[in-house]
Amino acid sequence: MTDMHIHTRYSFDSEEEPGNYIRAAISCREVSLGFAEHYDYDAYLDGEKGQLADMKGFIAEIDRMLVKSPVKIFKGVELGYRNKAVKKYKELEKLPLDFMIMSVHTLKGRGDCYFPEFFKGLTKEQAYGMYLDAVYESITCGVDFHILGHLGYVARYAPYENKKLEYKDFPDRIDRILKALMERNISLELNGSCKGLEGPFVTDTSILERYIELGGEDFTYGSDAHKAADYQRGAKAAEDFLISHGMTHINLYEGKKAIAISLI
């Protein structure tokens, strides 16, 4: 199962060396992986000046590694959505990357969903509704990205007694997100970084099942690892979920093109 969402020291919140993931992949007998370094211009707009990855340096280092690496490496980036970041992100489309992930981490005036301040004064319906509206905006903003990252991120650190983000609570908002993904041939990520949540993925299974019910079949898998020890986190759960729900393939991206890899 190709892990298409891992971070190294090129991301602001990781200190891991790229080579350590290569060694981890070899030990797992995996033949490919995808680096997706943070490029959070949304946080930059909020004054966090140290958030932007050195993409040219990253690309150059991975290109050097590719010469000798026994593992195929896909070069990617994870974008943090904000409307005023769109122009910047469209510039990144010109880089020689294999894929781009779009994620919603922050909202204007609220900061990152990671912090308690984001939820201050908001009901669960208000906080999650704002988040889902931003996710829909990110899909329709005009940036040519390939994977929607960790749908449901807002729930990971939420203070509510029942913090699950389930389909039944926001059916209309979630349906328009899932339909927009399908219309634009964007893959939905099975993200294994689910600490603090019920279930094997950040995205609740009720949402994943609704996507399949609507006819969706484009998934990628990502551990969202920030250290090599978490590489392939949740991979078996992703494979089991897809097979048990009748899916026959999972996507990876090379040269910004989806490649369907058989699961059976």
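## Charge across the chain

The chain carries 34 positive and 42 negative side chains. The centres of these two sets lie 4 Å apart. These values come from a predicted model.

Some of these charges pair up. The structure holds 18 salt bridges.

## Overall build

The chain contains 8 helices and 11 strands. Its radius of gyration is 17 Å, close to the 18 Å that the globule rule gives for 264 residues, so the chain is as compact as a globular protein of that length. Along the principal axes, the C-alpha atoms fill a box of roughly 50 × 45 × 30 Å.

How much of the chain is buried? Buried residues make up 57% of the 264 residues. The chain exposes about 11700 Å². Carbon and sulfur atoms supply 49% of that area.

Contacts also link parts of the sequence. Take the contacts with a separation of 6 or more: residues 24 or more positions apart account for 72% of them.

Lys72 and Glu254 form a salt bridge, with their closest N and O atoms 3.1 Å apart. This pair links distant parts of the chain. Lys72 sits in strand S3, residues 72–80, while Glu254 sits in strand S10, residues 249–254. The two are 182 residues apart.

The cut-offs explain both labels: buried means under 20% and exposed means over 50%, with partly exposed in between.

Lys90 and Glu93 meet through their side chains in a salt bridge, at 3.6 Å from N to O. Lys90 is partly exposed, at 37% relative accessibility.

Asp204 pairs with Lys164 in a salt bridge, and their closest N and O atoms are 3.5 Å apart. Asp204 lies in the loop between strand S8 (187–191) and helix H7 (205–213). Lys164 lies in the loop between strand S7 (147–148) and helix H6 (171–183). The pair therefore ties together parts that are 40 residues apart in sequence. Asp204 has 9% relative accessibility, so Asp204 counts as buried.

Which residues belong to the network around this pair? Salt bridges with shared partners join Lys164, Glu166, Lys168, Asp169, Glu198 and Asp204 into one network.

## Helix H7 and its cover

Several residues of H7 are buried: Ile207, Leu208, Arg210, Tyr211 and Ile212. An α-helix has 3.6 residues a turn, so residues three or four places apart point the same way.

What covers the buried residues of H7? The cover includes helices H6 and H8 (235–244). It also includes strands S8 and S9 (219–222). Just after H7, Gly215 takes a positive phi of about 105 degrees.

## A residue in helix H5

Gln126 is found in helix H5, which spans residues 124–139. With a relative accessible area of 39%, Gln126 is partly exposed.

How far is Gln126 from Gly80? In sequence, the two are 46 residues apart. In space, they are 21 Å apart, from C-alpha to C-alpha.

Key. Residues numbered from 1 in each chain as written. Predicted model: local features only at pLDDT ≥ 70, side-chain atom pairs only at ≥ 80, totals over all residues. Heavy atoms only, no water. Helix = DSSP H or I, 4+ residues; strand = E, 2+ residues; numbered from the N terminus. Rg over C-alpha atoms; globule rule 2.2 N^0.38 Å. Buried < 20%, exposed > 50% of the residue type's maximum accessible area, 1.4 Å probe, protein only. Contact = heavy atoms within 4.5 Å. Areas by Shrake-Rupley, 256 points an atom, 1.4 Å probe, with all protein chains shown as cover. Lys, Arg positive; Asp, Glu negative; His and termini not counted. Charge placed at Lys NZ, Arg CZ, Asp CG, Glu CD. Salt bridge = Lys/Arg side-chain N within 4 Å of Asp/Glu carboxyl O.
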